[in-house]
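This report describes how the parts of one protein chain are arranged and how some of them pack together. Please examine the structure shown here before reading on.

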Amino acid sequence: MIDLLLALTLPLVALGVLLARELFRAVVMFIAFGLLMALVWVRLQAPDLALAEAAIGAGLTGVLLLDALGHLRQPHPPGQPLRSLLPLLTILALVLAGALGLVLLGALLEPLQPSVNLPAEVALHIEASGVAHPVTAVLLAFRAWDTLLEVAVILVAVVVGLALRFSHDDAAAESRVSSPLLQGMLSWLLPLMLLVALYLLWIGSYRSGGAFQAAAVMAAMLVLLRLSGQQLPGQNHPLLLRAGLVGGLGTFLLLGSVQLLQGGAFLAWPEQLAGAFILLVETALTFSLALLLYALFEASPAPARKGHPPRTGDQPS
Amino acid sequence: MMLIDLLRALLLLSGALFFLVGTLGILRFPDTPSRIHALTKVDNLGLGLIVLGLLPGVEHWPVAIKMILIWLLAIAASALAGHLVVRVCREFRPSNAGEQQDD
C-alpha cells in the first residue's frame, strides 16, 4: 500500500518538477522529490542511500538550487542570447532524456543474470575489510577506488566553482537572515548537529552512516552559520581553506599508498590496521567533504535578498 | 491490552487527522502567516500524537528517547523556520499576499 502510493507519487512529483511554471515551485517540488526518494530507499531497505538522498539530494541540493534561484532573480542585462536557442535546447534535452529512458527500459527488460551474488561475496570477505557494515566495507575497502575518484570529482567541481566565483567581484551582497531567535537557537542546534555528524561518522563502521552523510550534516551546519551572518573561523585564510578542501583526498591517497611502500597494492589497507585506517580516512573525508559541499554553496555568488520581489523568473515549460 | 491498543489507534488516527487538517490549512489559507500557523501548530501536535501513539510499542527505551527527541527537535525547528519565514515575508511585502516562502 505504502509502496504503491510512493510509486504513484514519485513520477507525479517528478512531472511536477519538470512542468512547474515557476522555477521556485520547481525547486520546492524537487526537494519534495528528494524526500520521497529517500522514503523509497528506506522501503527498499537501503538506509545508507536514504540518508545520503535526504541529506545531499534533498537538503544540500535544495539549498544550492534556492541559492542559484536567488542569484537568477538579480536583474540581468537585457538581451538573453540563450532565448533563441531555447527550442534547440528543448529538443536536445528531450532526445537525451528519451535515450536515457530507452536505456533504462532496456536494463529493466533485461533478464537478471546474477553471475556473482554480490551480497554473499561481501558477507564472505567482510572480516578482512576491518569494518562490520557491508556498505562501508564496499565503499572503503572493496571498491575504495570508486570512492577515491568520487571525492576527486567533487574536488574538481569545487575548484571550478571557486575559480568562477573569484571572477565575480560583487559577491559581497548581503545575504543575512538576522534574528535574535535564530542566534539563540543556533547555539543549541549547532552542537547537536555536530554530535549527530560525529555519531554518523562513528557508526559508519558497523551500521548505516559514514563520511558522506556526516559531511552533509556538517556542511549544513556551515551553511546555517553562514546564512545567520556568523564569521566562520578561518574564513579569510585561503591557505587553510585549500588545505581543508584537499585534506580528505590527500589523506586517502597517503594512507592508500602505505602498502605500496611494502610492495603491496595501492589502496590495500594493512591487514591488522584496516579498521583504524578506514576510520582515519573516513574522518578526514568527513571534514574535507563538509568543506567541499559548503564551498559549492559558497562558490555561488550571494543571492539578492533585498528589494527584489520573489516572484519573477517565469519559465516556459 | 485491548484498551492500550484502542488508545494507541486513537492517538495515531487523531495524529494523522491533525496532519490532514494542517495540510488542508496550507492549501486553503489565504496568506503566508496563517499558512505557517497551520503548518507549525497543527503538524507539531499531529507529530506529538503519533509519537505518543507509537511509544507503547517500542521495545528498547533508547528508541523511545530518540522518538521524543525527534518530536522536540521538530517543534524547535518548525518554530524557528516559521519565525524566519514570516520575518523575511514581512521584509518583502507588508501586504503579505501571495506565495509561501521557502522554509
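## Overall organisation

Among contacts in chain A between residues at least 6 apart in sequence, 73% join residues at least 24 apart; two residues are in contact if their C-beta atoms, placed from the backbone, lie within 7 Å. Chain A has 12 helices and 0 strands, where helices (H or I, at least four residues) and strands (E, at least two) are DSSP runs, numbered from the N terminus. Of the 317 residues of chain A, 26% count as buried, that is, with 20 or more other C-beta atoms within 10 Å of their own.

The model is predicted: local features need pLDDT of at least 70, side-chain atom pairs count only at pLDDT 80 or more, and totals for chains, interfaces and linings use all residues. Residues are numbered from 1 along each chain as its sequence is written, while chains are lettered from A and ligands numbered from 1 in the order in which they are written.

## Helix H2

Helix H2 of chain A covers residues 23–43. Its 21 residues reach 30 Å from the first C-alpha to the last, close to the 30 Å expected at 1.5 Å a residue; the expected span is 1.5 Å times one less than the number of residues.

Buried residues of H2(A) include Phe24(A), Phe30(A), Phe33(A) and Met37(A). Helix H1 (2–19) and helix H3 (47–72) of chain A are among what covers them. Just after H2(A), Gln45(A) takes a positive phi of about 60°.

## Helix H9 and its partners

Two packed helices are described by the angle between their axes and the distance between the axes. Helix H8 (residues 180–203) and helix H9 (residues 211–227) of chain A pack at about 165°, with axes 7 Å apart; axes are lines fitted to C-alpha atoms, for helices over the stretch in contact, and angles run from 0 to 180 degrees between N-to-C directions. H8(A) is therefore roughly antiparallel to H9(A), a term for angles over 145 degrees, whereas those under 35 count as roughly parallel. The contact of H8(A) with H9(A) has 16 nonpolar, 1 polar and no charged residues. Here Ala, Val, Leu, Ile, Met, Phe, Trp, Tyr, Cys and Pro count as nonpolar, Asp, Glu, Lys and Arg as charged, and the others, Gly among them, as polar.

The axes of H3(A) and H9(A) come within 9 Å and cross at roughly 30°, which makes H3(A) roughly parallel to H9(A). Their contact has 12 nonpolar, 2 polar and no charged residues.

Notes
Angles under 35 degrees count as roughly parallel, over 145 as roughly antiparallel, 65 to 115 as roughly perpendicular and the rest as oblique. A residue is buried if 20 or more other C-beta atoms lie within 10 Å of its own, exposed if 12 or fewer, and partly exposed in between; C-beta atoms are placed from the backbone.
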